[in-house]
Amino acid sequence: MDQFNHITVLLQETINLVSANFASSLATRKSQIWADCTLGGAGHTLALFDRFAETLRNAEHTDCRIEHLCCDQDPVALEVAGQRLRQWKERHGELAANITVTLLPINFRDLSSWLRENRPSQKVSGLIADFGVSSPQIDSAERGFSFLREGPLDMRMNTEGYTTAHSILTTWEADELQRIFSDYGEEPRSRALARAIVQDRGKGLLPLSNTVEFANYVSRVLGYHQSRVHPATRIFQALRIAVNEELSSIEELLAAMPTLMDAESCAGLISFHSLEDRLVKRYFRAWEQGDLTPEAKRKSEKQRWTESQLGLFAAADNKQNSFGREEPRGGIVAGDEEVKINPRARSARLRGFSFTNAAPVRT
C-alpha cells in the first residue's frame, strides 16, 4: 500500500459538510447509499466511515444500513483503497457490519447509469468528488502527468484507455490542438504552439520521447522566459484534461446529480482549477433556481413544461422549486496550516450543495 500515499485535501471540512444531516436522517432512512466518486487513497471515505461509526455508536437507530459506493477508474487506486477499507472494517468489528463497501471500477460519469441499473429505487444520501489528480499519479514518472520527472507522454487516469497525450500530439490537427490548449489550458499563444507542433511533426522534428523533452520544446516555442510558472504547465493541464475527458465527465455527473440525490442530502465537490470550479458554480446556480442544468434556462416555457412531464427537467425557475442551496456560499479553501503541510492544497476549493428537494429519477 506504500505505492499510493496521498494527502487528502480539505478532509475535515468535506466530512463535516456532507455528513451534517447524517445523525438526524437515521430516524427516517434506515437504508442509505453514499458515494465517493473519486476514491483515490480512500482518505475521505475512511474519515467518513469514522464519522459513521461514531454516530451509530451513540444513536438509537443502530439498525441503519449504509452502502458506500467507491468509484475510481484507476485500478491501482481501487486495489489499494479496497485493502485499506477492508482493514478498517476488520478493526471496527460488529459496528462495521452496518456498512457495506461496493468498489466500482468506473469513471464517475457512469455513476448515474450504474445506479439506474443496479439500485433503481434508491437515492444517494451523501456524495463526495475530488476532481484533482492524486499525488501518486503526479509523482509516478511512468504515468506521464508531470514534466518534473522523465516519463512517457501518457497521462491516462484509466490505464486501460486508448487515448494518450502522445496519440493526441501525433494525430490531432492544428485546430484541434489549438482548441484544447486555449479552452483547457487557457494558453494565450495556443495558435502558435499548435501550428509549430503540426509543422515540426511533419518534418520529423517534434520531440515526443518523454515528458521532459516535450516540455522543453513547449518552452522554446512559447517563450515566457521571465515567467515564474513553467511555460509547459498550462499545456500539460490541457493535454491531461483532453486525454481523460475530465470536464465532460464532471458535467455528466453534475447533470445527473439532482436526479441521484435524496431530499435532505448533501454533496461536496472539490475543484483544483478555475475551469472545474466555474462548471460546478454554474450548475449550483441552476439547481438553486430549479433547473437540472444551466442550459435548461434557455428553453421555452412550453418546451420545459413538456420535458418536466417526462421527468427530464424541473419546470419552474422560482425558489419554491429549487433543489436546494450552496453551503457555504462561495465554498471553502484550504487554510494556511494545511497549505504548509500540503502545498498542492493551495488551489483546492470545496463547494457544497445541500439538497432540500429531489428531482424525479430518469428512466
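## A walk through the chain

The chain has an accessible surface of about 16,900 Å², and 48% of that belongs to carbon and sulfur atoms; areas here come from the Shrake-Rupley method with a 1.4 Å probe, and for residues only the protein chains shown count as cover. This is a predicted model, where local features need pLDDT of at least 70, side-chain atom pairs count only at pLDDT 80 or more, and totals for chains, interfaces and linings use all residues. Residues are numbered from 1 along each chain as its sequence is written, and side-chain values use heavy atoms, with hydrogens and water left out.

Of the 363 residues, 53% count as buried, meaning under 20% relative accessible area with a 1.4 Å probe, protein chains only. There are 15 helices and eight strands, taken as DSSP runs (helices H or I, at least four residues; strands E, at least two) and numbered from the N terminus. Take the contacts (heavy atoms within 4.5 Å) with a separation of 6 or more: residues 24 or more positions apart account for 75% of them.

Now for the cores. A nonpolar core is a set of buried Ala, Val, Leu, Ile, Met, Phe, Trp, Tyr and Cys residues joined through side-chain atoms within 4.5 Å. The largest one has 35 residues, and L111, L127, L254, M257, L269 and W287 have the most contacts inside it.

| Element | Residues |
|---|---|
| α5 | 111-118 |
| β4 | 124-130 |
| α12 | 246-260 |
| β5 | 261-271 |
| α13 | 274-288 |

The top contributor is α12, with seven residues. Leaving aside residues up to four places away in sequence, W287 touches L254, M257, P258, L292, S322, F323, G324, F353 and F355. Another core of 34 residues lies apart from this one, and includes F214, V218, A232 and L239.

On the strand side, β2 and β3 (residues 99-104) run parallel and are joined by six bridges, with H68 opposite V101 in β3. Strands pair if DSSP finds at least two bridges between them.

Helix α11 (residues 233-244) is worth a look. Its twelve residues should span 16 Å at 1.5 Å a residue, and its end C-alpha atoms are 17 Å apart, which agrees; the expected span is 1.5 Å times one less than the number of residues. Nine of the twelve are buried, so α11 is largely enclosed by the rest of the structure. Those buried residues include F236, L239 and R240, and their cover includes α7, α8, α9, α10, α12 and α13. After α11 comes E245, with a positive phi near 50 degrees.

Technical notes: Buried means under 20% relative accessible area, exposed over 50%, partly exposed in between (1.4 Å probe, protein chains only).
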